[in-house]
Amino acid sequence: MSTRSGSFNEIATEYDRYRPRYPEELAAVVADGLRAGPRVVDVGAGTGIVLEWLLPRLETPEVQAVDISEGMVDAGRKKFPFVKWHVGRVEDVLPSLGKNDLIVAGQAYQWFEREEFLDAAYGSLAEGGRLAVIQNNRVHVGSEMLSAYEDLLETNSPGYTRGYRDIDIFGEMAGVFGEQGTAVRVERRRWSRSMQVDDFVGMASSSTQVQRAVDAKGPGVLDDIRSLSGKYAIDGVVSVPYETELFIADR
C-alpha cells in the first residue's frame with residue numbers, strides 16, 4: 001500500500017497539469033445508456049482527470065471517488081468539491097460505497113490487485129451497471145524518440161519495463177463479467193499529442209517511473225530526458241503518439 005500511495009503524494013500538482021487526457025468521443029461511449037442521476041464511482045481517481053472528461057456527459061450524477069494517495073485526493077477535492085472523496089485502497093473502499101451505475105478506472109488498472117478489484121467492482125454494481133477501464137498508452141513502436149525514451153527508463157528506473165501495461169484486461173474482465181453472460185466491449189483510438197520540450201519533461205517528471213529513476217540515479221535523469229526530447233523536437237515541439245484503450249462490461 002505504501003508503494004502505491006507514496007508514488008503519487010509528492011507529484012499531484014504536476015500530474016494534474018501534464019498528464020494526457022482522453023479522446024472526447026470515448027466519454028460518450030461510457031455514458032451511453034446510463035440513466036439520469038447515475039451513481040458513479042471513479043476508482044484510482046487521482047486528481048480527477050477522468051471526471052473532467054466524463055462528467056459533462058452525465059445528467060445530474062451522484063459521484064464518489066477513491067484514491068490511495070492523500071495528495072491526489074486533496075488536489076481532486078479542490079477541483080471537484082461536490083464529489084465525495086475517499087482515501088484508501090480501492091479494493092477495500094469500493095464494497096462500502098453501495099450499489100452503483102458506473103464504476104470507472106482511468107490509467108490505474110495496473111496498480112490494483114486486479115482479481116480482488118474486479119470481484120469488488122462486480123459486487124458494487126447495480127443490475128445493469130457498468131464497469132469502464134480506460135488507459136492511454138504511448139506508442140513507442142515506430143517512434144524513434146519514444147523508443148529511446150523507453151530505453152532511458154529501463155536503464156534508470158528500477159524494475160521498469162516498457163511492457164509493464166501488457167495486461168490482458170479483456171480476458172480478466174471477461175473472467176468475472178463473462179461468466180454472468182455479459183460481453184466485454186473494446187474501443188481503441190490512435191491520436192497524437194504535440195508538446196513543447198518543457199511540457200514533455202514536465203509530463204515525464206510527473207510519472208512514477210521517472211520519479212523512481214530520479215530517486216535511484218539523481219536529478220540528472222531529467223536533464224537526460226530534456227536532451228533526448230530536444231534532439232527530436234521540431235521548432236521546440238515533439239509529437240507523442242498514443243493509443244487509448246477503453247474496456248466496458250455491463251452487469
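Q: What share of the contacts with a separation of 6 or more comes from residues 24 or more positions apart?
A: That share is 79% in this chain. Keep in mind that we're looking at a predicted model.

Q: Okay, and how many helices and strands are there?
A: The chain has twelve helices and seven strands. Its radius of gyration is 18 Å, close to the 18 Å from the globule rule for 251 residues, so the chain is as compact as a globular protein of that length.

Q: What does the C-alpha trace span along its principal axes?
A: About 55 × 35 × 30 Å.

Q: And how many of the residues count as buried?
A: 55% of the 251 residues do.

Q: Switching to the surface: what does the accessible area come to, and how much belongs to carbon and sulfur?
A: The accessible surface is about 11,200 Å², and carbon and sulfur atoms hold 46% of that.

Q: Let's zoom in on arginine 130. Which strand is it in?
A: Arginine 130 belongs to strand E5, which runs over residues 125–138.

Q: Is arginine 130 buried or exposed?
A: Buried, because its relative accessibility is 8% and the cut-off for buried is under 20%.

Q: So what lies 2.7 Å from a polar atom of that arginine 130 side chain?
A: The backbone oxygen of aspartate 32.

Note on methods. Residues are numbered from 1 along each chain as its sequence is written. This is a predicted model: local features need pLDDT of at least 70, side-chain atom pairs count only at pLDDT 80 or more; totals for chains, interfaces and linings use all residues. Side-chain values use heavy atoms; hydrogens and water are left out. Helices (H or I, at least four residues) and strands (E, at least two) are DSSP runs, numbered from the N terminus. The radius of gyration is taken over C-alpha atoms; the globule rule is 2.2 Å times the number of residues to the power 0.38. Buried means under 20% relative accessible area, exposed over 50%, partly exposed in between (1.4 Å probe, protein chains only). Contact means heavy atoms within 4.5 Å. Accessible areas come from the Shrake-Rupley method with a 1.4 Å probe; for residues, only the protein chains shown count as cover. A polar contact is a pair of N or O atoms within 3.5 Å; within protein, one must be able to donate a hydrogen and the other to accept it, and residues adjacent in sequence count only if both atoms are side-chain atoms.
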